[in-house]
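Work through the exercises below with the sequence and the model open. Each task is followed by a solution in steps.

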Amino acid sequence: MYILGIESSCDETAAAVVDADGKVLSNVVSSQIPVHARYGGVIPELASRNHLMAIDTMVQEALKQAGLPLERITRVGVTLGPGLIGSLMVGVQYAKSLAWTRGLELVPVHHVEGHITAVLIQDGADHPHGPLEFPYLALAVSGGHTSIYLVSAPGQYALLGYTLDDAAGEAFDKVARILGLPYPGGVHVDRISREGNGRVDAVAFPRPLKGRDDFVFSFSGLKTAARVFLQGWNPEAPDNTLTLADVAASFQEAVVDTLLRTTFAAAQAHRARHVVIAGGVAANSRLRGKLTATAPDYGLCAHVTKFAYCTDNAAMIANLARFKTPVTGADMLQLEPFASGQLAPTLAA
Ligand code: KG4
Ligand code: ZN
C-alpha cells in the first residue's frame, strides 16, 4: 500500500508519499513565506489562492520523487482541520476529487494529531533517543496550537492542557516583529540568540502561570511584558549593557521554561515516562536542547520530532493515514474541512 498525504492548513502546500510501514518515499513542501512576509503574517485569501496554484505541482513532484505513478497510490490522507478554512478547502477538495474519481480510499486527518504522531515516522534512521514507548506525553507547540496530550496509541488521546490565549509560536512571531525581525519570527529569535551568544538571564521576563497545578498555558502576558520592555529599551543609550541577542535569548528562555515546566509536570502526574515535542516551535534549538538535557532529571525519556517533520508537512499526514479507517465511495463527498477544534479521541477512530 502506498499513501499520498496532502497538507494545506495554513501557508504551506505539502505532499508526501509513504509506504505501508510508514517509510517516507517523498516529502515536498511549497512555502508561502515570501508571499506573506511583506504583511508580517498570513493573509488567508492569498494563502488559498497560492495553495490552488501550487497543489497539483506538489502532488506531481511527490509522486515523481517517490518514483511511483499515480496508479500505485491506494489511499489519500488529507488534513481536514483545524486551520484556515479557505486553505483547507483547497487540499480537501483536491483529495476528494482524486480519491472519488480514481476509486481510492480517503482518510481525513486532524492536523494536531499529525504533529503529535510525526515522531512515529520511519525514515530509515534510528531514533537518537532510543525506542519510544506508549503512553507518551506530547507537547504540540506551533503558531496555532500549544497543547499537551497523553498518547496511548495512534488514535487514542487525552487532552491534558492547552493555552488560554496565544500559542507559543504566535508569541515568538509577535515579539520577533517588535524586534524588527522578518516573518515568521520564531526561527530568527532562535538564530539571533544562538549566533549572538545571547544571555538567557539578561532580562528577567516572567514565567506565566508558574505555581498553578493544572497544565494550562498563557503567553499573552509574556508577550506584553516583552513589548513593554522593548518600548523602554534604548540600545543606543550610554548605560546600555544589553544586546539584541540577550533580549531574544531571555524571551526565548521564558517560553522554553514555561513549556517544559508544564510538560514535565503533566508527564509526572500521568505517569508517562516518554515525552515528545512536536510542531513548528519544536524546531527551536533551545527547546530541543533543554528538553533533552533536563528530562532525565525528572525520570523522563525525551524525544524530539525530526526537524523536517516539525513545521507543517504532509509526511505526518500520510503516516497517520496508515492507522485510520478510510472513508470510501460516496461517503467521502460528505467530508468538509473545519477551522477550529481540539483533537478529540472520537475523531481518531
Ligand atoms: O507547525 P507550524 O509550521 O504551523 C502551525 O501549525 O502553526 O508552526 C509554525 C510556527 C511559527 O510560529 C514559527 O515562528 C514557529 O513555528 N517556529 C519556531 C522555530 N521554527 C518555527 N519558533 C521558535 N524557534 C524556531 N526555530
Ligand atoms: Zn502545524
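**Exercise 1. Ligand surroundings**

Task: In this predicted model, find which residues come nearest to ligand 1, and list polar contacts that ligand 1 makes through oxygen.

Solution: 
- Step 1. Ligand 1 has 19 residues around it, and those that come nearest are Gly143, Asp173, Asp190, Asn284 and Asp312.
- Step 2. Take the backbone first. A polar backbone atom of glycine 143 lies 2.9 Å from an oxygen atom of ligand 1. For glycine 169, the distance from a polar backbone atom to an oxygen atom of ligand 1 is 3.3 Å.
- Step 3. Turn to a side chain. An N or O atom in the side chain of aspartate 173 is 2.6 Å from an oxygen atom of ligand 1.

**Exercise 2. Helices α7 and α8**

Task: Determine how α7 and α8 are oriented, and which residues make their contact.

Solution: 
- Step 1. Helix α7 covers residues 220–231 and helix α8 covers residues 244–269; they pack at an angle of about 165°, and their axes are 11 Å apart.
- Step 2. Angles over 145 degrees count as roughly antiparallel, so α7 is roughly antiparallel to α8.
- Step 3. The crossing of α7 past α8 is right-handed.
- Step 4. On α7, the contact is made by Leu222, Ala226, Phe229 and Leu230; on α8, by Val247, Phe251, Ala254 and Val255.
- Step 5. Sorted by class, this contact of α7 with α8 has 8 nonpolar residues, no polar and no charged ones.

**Exercise 3. Helices α2 and α3**

Solution: 
- Step 1. α2 and α3 have a right-handed crossing.
- Step 2. α2 contributes Ala47, Ser48, His51, Leu52, Ile55, Asp56, Val59 and Gln60 to the contact, and α3 contributes Gly86, Ser87, Val90, Gly91 and Tyr94.
- Step 3. The contact of α2 with α3 comprises 6 nonpolar, 6 polar and 1 charged residues.

**Exercise 4. Backbone geometry in loops**

Solution: 
- Step 1. Proline 135 sits in the loop between α4 (111–117) and β6 (136–141).
- Step 2. Proline 184 belongs to the loop between α5 (168–178) and α6 (186–195).
- Step 3. Leucine 209 lies in the loop between α6 and α7.

Conventions: Residues numbered from 1 in each chain as written. Chains lettered and ligands numbered in written order. Predicted model: local features only at pLDDT ≥ 70, side-chain atom pairs only at ≥ 80, totals over all residues. Heavy atoms only, no water. Axes fitted to C-alpha atoms, helices over the stretch in contact; angles between N-to-C directions. Helix = DSSP H or I, 4+ residues; strand = E, 2+ residues; numbered from the N terminus. Parallel < 35°, antiparallel > 145°, perpendicular 65-115°, else oblique. Left-handed = near helix turned anticlockwise from the far one by under 90°. Contact = heavy atoms within 4.5 Å. Nonpolar A, V, L, I, M, F, W, Y, C, P; charged D, E, K, R; others polar. Near = heavy atom within 4 Å. Polar contact = N/O pair within 3.5 Å; in protein donor to acceptor, adjacent residues only side chain to side chain.
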